[in-house]
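Here's a quick tour for someone meeting this structure for the first time. Take a look at it, then read on.

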Amino acid sequence: MQAWQVHENGEPGEVMRLAEVERPVPGDHQVLLRVRAANVNFPDALLCRGQYQVRPPLPFTPGVEICGETEGGRRVIANPALPYGGFAEYALADARALLPAPGSLDDAEAAALHIGYQTGWFGLHRRARLEAGETLLVHAAAGGVGSAAVQLGKAAGATVIGVVGGAEKAAVARELGCDVVVDRRAEEVVAAVKEATGGRGADVIYDPVGGEAYAQSAKLVAFEGRIVVVGFAGGTIPSPALNHALVKNYSILGLHWGLYNTKNPKLILRCHEELTELAARGAIKPLVSERVPLAEAAGAVQKVADGRSTGRIAVVMEATA
């Protein structure tokens, strides 16, 4: 079979190599899946760079989120078991963690439903307890993680403010349903959000960026607001001033979604059921901006790594395109 492999750490476009390899053999409690579509995630770039919290042995195949097919023909969503990731014709996955792919979504959309939307659901509902009528601010609102949070926020009845970088991404954020869009390249974020909220700020802030975005969040969080720390795509891990959280009465909430796989897997199934229902009635729909063949996977991962993508890029197998 064909699979992309990483033999040394570095930039995805430089270290990912397409090769003919043996089909992987399932271990205990694993299943072999034919990959129908693989979603490109920022962690794929971190894996290539050797900067992710999981460091699979070299060589490995990146690709942490797929829509696949079992030997019995069942269409499923899975997180592949590294080192046999999703940018290949076949991947391995934990048989106990397979989720049914929603019939309302095509393969590329289904592949993009899992990590970003699960993270959004847990961040907004489990951690921040977002309520209808509250104001939600989403950093990187046109990206894969951010776009999911925007849709989930709107589905929950929140007023959503999206912060983006550039006019193209601003247009995408408006199409996603953001009530207010702030282009950080053309506007001063803090001033624009304060103006939009009458000086009050946002009840919940969803931050997958870190760095300067977090500094803005601390200035913009409302009284008794909640900042959900999802990741550090901006490359800088901030050091929050806890005295500021004390005097302003706000909460800083961390979210490592992957922990629920071991700490409380039943919640993941419950979340998937809710996401499936929301997708069925059209309340959410993964924004797949590009569908590329397997041969172009390395370029797609590099594009996400460089922050040049909107929504999700999906690698779609030619047989199921």
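"Buried" here means under 20% relative accessible area, with exposed being over 50% and partly exposed in between (1.4 Å probe, protein chains only). Helices (H or I, at least four residues) and strands (E, at least two) are DSSP runs, numbered from the N terminus. What you're seeing is a predicted model, where local features need pLDDT of at least 70, side-chain atom pairs count only at pLDDT 80 or more, and totals for chains, interfaces and linings use all residues. Residues are numbered from 1 along each chain as its sequence is written, and side-chain values use heavy atoms, leaving out hydrogens and water.

Let's zoom in on helix 2. Helix 2 runs over residues 42–49, and Asp44, Ala45, Leu46, Leu47 and Cys48 in it are buried. What covers them?

Now for the whole chain. In total, the protein chain has 12 helices and 15 strands. Its radius of gyration (over C-alpha atoms) is 19 Å, close to the 20 Å from the globule rule (2.2 Å times the number of residues to the power 0.38) for 321 residues, so the chain is as compact as a globular protein of that length. Its C-alpha atoms fill a box of roughly 60 × 40 × 35 Å along the principal axes. Of the 321 residues, 54% count as buried.
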